[in-house]
Amino acid sequence: MPDSIIRVQNLTKSYDHGLSQSHVVRRVSLEVRQGEFLSIMGPSGSGKSTLLHILGMLDEPTSGEYFFLDEPVHRLSNRRKTQLHRENIGFVFQAYHLIDDLTVYENLETPLLYRKIKGSERKSIVADALDRFNMVAKKDLFPSQLSGGQQQLVGVARALVIQPKIILADEPTGNLHSSQGDQIMATLRQLNQEDGVTIVQVTHNQDYANIGDRVIELLDGRIEREYRPEASPNMD
Amino acid sequence: MFSHYLRHAARLLAKQRLHTGINVLGLATALGLCAIIAVFIKYEHSYDAWHENLDRIYRVDRVDLNPDGSVDGHSPAHPFQLAGALERDHPDIQETVRFNDTDVVFRIDGALHQEDVLFADASFFDVFTYQSVYGDLRTSLQDPASVVLTESAADRLLGPGNPIGRSLQVRYTDSFHEVVVTAVIADPLPNTNIPFEVMMSFERLPLVYEWVAERVDSWRHSSFPVYVLLREGANLASATETIESLRVQYYPDMASRGREQGWWTGEGEPATYALIPLSDLHLRSDVPGGFVATSDPSYSWILFGIGLLILVLACINFTLLTMGKSAVRAEEIGVRKALGAGRWEIMTQFGGESLLMALLGLAGGLLLAGLLLPVANSITGSELDLLGEPGVLVVIAAVALLSGLAAGSYPALMISRHRPTEALSGRFSMGSSSAITRGLLITQFAASVALIAGALVMQAQIRFLQEQDKGYDPSNIIVVSTNGTDEFRLIRHLRDRLGPQPGVLGVSGMSLSLNRGYSSSVWMAGDVERRAFVYNVAPDLPEFLGMDMLSGRGFDSARATDSTNAVIVNEAFARDWGWTPEEAVGQLVAEYGDEPEIIGVVRDMNFRSLHEEVEPMMLTQSEGWLSHALVRASSAGTPQVLASLQEAWGEFTADAPLQYTFLDDDVALAYEEDRRWARIIGISASLAILVACMGLFGLAALTVSRRTKEIGIRKVLGASVQSVMLLVSREFAILVVVATLIGAPLAYFGLGRWLDGFAFRMDLAPWWFLAAGALVLLVAMTTVAFHSVRAAISDPVKSLRYE
Ligand SMILES: Nc1ncnc2c1ncn2[C@@H]1O[C@H](COP(=O)(O)OP(=O)(O)O)[C@@H](O)[C@H]1O
Ligand SMILES: [Mg+2]
């Protein structure tokens, strides 16, 4: 198994606006090791979400190279990319993005459907996840019947059911009260430490960032700073 | 997995009620119509399909030729002897059946019934396949005094139970004879070229009718249709040729007679033969019908086109609304992609939802078709049956699924194409502004405009025909069939009995009711072929019908020669002979009969349908027979006159029932086909605009909801209610105008061709098309107004707060 799960080289993302161009991600090079917990920080508009989407194969870079588990994503067919994505990557959104017209149970089931997992196995996986996140009683509720914290918990659980190698979380606590946020962060940390899942999160909260092994700070689409939390000035 | 998607789809359908309702209703309307049309086409194409020998049964047609060798027309009537000769001497012909159909009066338990009887040779049941309820069909017609009934005729005439052996009284010419019921058959399917309820033995004809007896040995009179059963493996071309040579063998002097009499100037034989397959007969509009009119196969295709058109309109709604709605589903699609869905999974999900919608549409459509079938039957005059056609149902189900796929695939393709990030940020929308949406909307409205213009113009043309001055006054004339009684005595009797009554304006008689039938004569006068429609009339008929005498005089009962050798002609006749109406008076009609003298000329009247130009016509008294007595009533007095007529008839004869029609109805009969098509186009136009407007309703709802914020801001900035309504409506109004520009020329072209079928046609003024466009615009704007008014009067603060 390769040591690095993600390796990007000179990754760039720009948008055309007719006459002008805006560069949102500029020549970013970055490596994420298996089992690492990486936090991405930076001011609003600095390109954090864009970078995370590219890493999660939800978006395409304008140029640059991207290796996922040593496979050159930038050269793969859409079909292979979808396959890599559906088997390895769990994504958690700031806005939860649960599917409104599906129950909690069905939301959790959805990624398993795309992985073509058979009925009985699917049932037991979803049941485990519901159990683990204490949501058995809520399995038949619709997202609109849950609080924000509960919704995000479903979001995390949904990212987890496929037992991904990596979870990409874009401000997972951004819309939550601090106590709810703490619970989500504890869950992510536990996943990383006990299950060995690689985690890349975007956060504005320095304390949450410090939970990780490493922090990078984006500014204007460039990596401005990179440090390990032990060495962070805040910890001094 | 399937249940996961199904549950989700069902929830969505229930939640987006308007969207679902419009799509399902539109599809149901279209599929229901298609189902009916499909059943109709199947019905039209399966005439007589049940006969076991169908592929070997042919009708013998004489093909009359012109001197230059081209075909003049087909005649399915033959000499009495032809069938016998074919059966004896034709190696390929196994059986022949001669027919004759006539109205016959039955007396059963003292009551008179007039029945349309088909006389057929005893071989009938060997050639054609029918199911016996009582009696042995093979021997049922062998006795000349036998009668075979269908089950419903037996029920109607004799009541329930086995009627075999019962004897009925039948009136031939003027005395009653006995016939015996020998068999009852199950009611045959209605789509047949040889419909009958009462069948009697052809052998009986020469025994009871003088006119038949006179023709038994004659090869010159052609009166009887002949159907043949070819032997297995017979060659059609050689079988046809053999008929021809047999005719020449038995009737060698046909051509020389023709030359003598002047109606044949060609080199060879004046006629050949053709064998028309029974299976083709109904849709052969180029030959005369069997015992019912043939139908033009292009009608089937026009209906097919209309069904397809409305289906396309419904699919367009489906596509447009699904694309419009896709903005609402953008987030879901993005999430699904983030969860590992590939393009294929998204496409199949949306495709599946479309199929589900199509299945609901199918269910609704079949229900609708079931409800509307009686209406369709009354319009087309057929007996369609939906459940009896499993093949058609399968086809319609396939069409439903295909439509669902076709209509859903474009949105599915578009929706699945987007990157998840685009979808999640809601940065894609496929709203009403895209070129495709506009194109589809324009298509819908162009079709609506064209169909509505068609419906308006067709109705107007039929009104135009009815309001045409026909050259006579057909109102309130009761046409009484003389029904085999002594017609001159009848007319005298009616004159005496009804004439003095206050409601009666006149009594007269003629040989054929106008527009119902005619007898045309063709003869050679010198080198010129002359043609005229000849009506034998009572002397006062011209005044009775209100004809305009242009020159000369009417018939005068006091002059003996008027009843033997005088004719009144119309302008067209005079024109044909190169005379003015004044010049024509006093001329003799050369080489016709005893060369009668023209005593008067009447203004051209439309004695046939207005599809045709007025042709030369002669009124005469010399033929000595009348088939109809005419009674003109005052408009208020008609019911009374009918009652007295019934009474007078009863006094006149107990041997025949009274049968009458109104001349107005006889005249209208000529336009029945036109009126039927006007109705069909009218209904199609209504359905088309209904479906198009349902789609518009949904689209307008989407547009308004998408522009809620913009409208809110405009209102805060002081926009008036009218200006907001205009904002929403303008876009749609422009589309309707463009659609009118496209649909109107199409309709103009199509209607021009339809109108070419009339000798008397209205002007195709442009304002008909403007009216159609305006009507569509009005309906479209009313539809949009429902939403635009809501948007315009909504509270702006509320709409902004929701954003
Ligand atoms: N599809 C797009 N078209 C144009 N500009 C975009 C698009 N997506 C994002 N941006 C711009 O890219 C910049 C970075 O956005 P984002 O990655 O969301 O930043 P962050 O997550 O750090 O707040 C922003 O200025 C945003 O406006
Ligand atoms: Mg962001």
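Helix 5 (residues 148-160) of chain A lies across strand 6 and strand 7 of chain A and runs at about 170° to strand 6 of chain A. Helices (H or I, at least four residues) and strands (E, at least two) are DSSP runs, numbered from the N terminus; axes are lines fitted to C-alpha atoms, for helices over the stretch in contact, with angles from 0 to 180 degrees between N-to-C directions. The model is predicted, and local features need pLDDT of at least 70. Residues are numbered from 1 along each chain as its sequence is written, and chains are lettered from A in the order in which they are written.

In chain A, six strands form an open sheet of mixed pairing, in the order 6-7-8-3-9-10; two strands pair if DSSP finds at least two bridges between them. Strand 6 (89-92) and strand 10 (222-227) of chain A are the edge strands, each pairing on one side only. Neighbouring strands of this sheet are turned by 20° against each other on average, direction ignored. Helix 2 (residues 78-88) of chain A packs on the sheet, touching (heavy atoms within 4.5 Å) strand 6 and strand 7 (166-170) of chain A. The direction of this helix makes about 70° with that of strand 6 of chain A.

In chain B, helix 2 (residues 17-44) and helix 11 (residues 297-338) pack at an angle of about 165°, their axes 9 Å apart. Helix 2 of chain B is therefore roughly antiparallel to helix 11 of chain B, a term for angles over 145 degrees.

How values were computed. This is a predicted model: local features need pLDDT of at least 70, side-chain atom pairs count only at pLDDT 80 or more; totals for chains, interfaces and linings use all residues. Side-chain values use heavy atoms; hydrogens and water are left out. Angles under 35 degrees count as roughly parallel, over 145 as roughly antiparallel, 65 to 115 as roughly perpendicular and the rest as oblique.
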